[in-house]
Amino acid sequence: MPPWRRIADGIEIAVRVTPRASRDAFAAGPEAHFAARLAAPPLEGAANAALVPLVAAAFGVPKRAVSLIAGDTARLKRLRVIGDPTALEERAQRLYGGAHDG
């Protein structure tokens with residue numbers, strides 16, 4: 001599956017999360033997903049709670065526009081980012097270095 005796919009009201013992205021990192025960071029990962037490094041531990045939803053604002057900032061949308069749709073307890077997660085699909089795909093391509101066509 002590609003790192004993102006267009007949906008009617010935005011995009012869905014695949015993210016591999018590494019908890020307990022030295023600092024929060026969001027970037028391109030291997031060809032199948034983005035990579036998120038989170039300082040938060042994977043306990044009681046802390047990492048998921050830290051992931052939403054990180055993704056929102058990376059895509060330039062409000063936190064309420066980002067939701068976890070799969071992978072609640074897994075390292076590999078799928079998130080929905082609501083907004084203009086074309087603008088979000090362009091942002092994803094910039095974040096990913098233009099290596100994916102959506």
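**Exercise 1. How many bridges join strand 2 to strand 6, and in which sense do the two strands run?**

Solution. Seven bridges join strand 2 to strand 6, and the two run antiparallel. This model is predicted.

**Exercise 2. What does strand 5 form with strand 6, and which residue in the turn has a positive phi?**

Solution. Start with the pairing: strand 5 and strand 6 are antiparallel, over four bridges. Ala70 stands opposite Arg78 in strand 6. Next, the connection: five residues lie between the strands, which form a hairpin. In the turn, Gly71 has a positive phi of about 90°.

**Exercise 3. Check the span of helix 1 (residues 46-59) at 1.5 Å a residue.**

Solution. Helix 1 has 14 residues, so it should span 20 Å. Its end C-alpha atoms are 21 Å apart, which agrees. Gly60 follows the helix, with a positive phi near 70°.

**Exercise 4. How many residues of helix 1 are buried?** **What covers them?**

Solution. Ten of the 14 are buried, so helix 1 is mostly covered, with buried meaning under 20% relative accessible area. Among them are Leu51, Val55 and Phe59. The cover includes strand 2, strand 3, strand 4, strand 5, strand 6 and helix 2.

**Exercise 5. Classify the packing of helix 1 against helix 2.**

Solution. The helices pack at an angle of about 100°, with axes 9 Å apart. Angles of 65 to 115 degrees count as roughly perpendicular, so helix 1 is roughly perpendicular to helix 2. Now the residues: Ala57, Ala58 and Phe59 meet Leu88, Arg91, Ala92 and Leu95 in helix 2. By class, this contact has six nonpolar, no polar and one charged residues.

Methods:
Residues numbered from 1 in each chain as written. Predicted model: local features only at pLDDT ≥ 70, side-chain atom pairs only at ≥ 80, totals over all residues. Heavy atoms only, no water. Expected span 1.5 Å × (residues − 1). Buried < 20%, exposed > 50% of the residue type's maximum accessible area, 1.4 Å probe, protein only. Contact = heavy atoms within 4.5 Å. Axes fitted to C-alpha atoms, helices over the stretch in contact; angles between N-to-C directions. Parallel < 35°, antiparallel > 145°, perpendicular 65-115°, else oblique. Nonpolar A, V, L, I, M, F, W, Y, C, P; charged D, E, K, R; others polar. Pairing = 2+ DSSP bridges.
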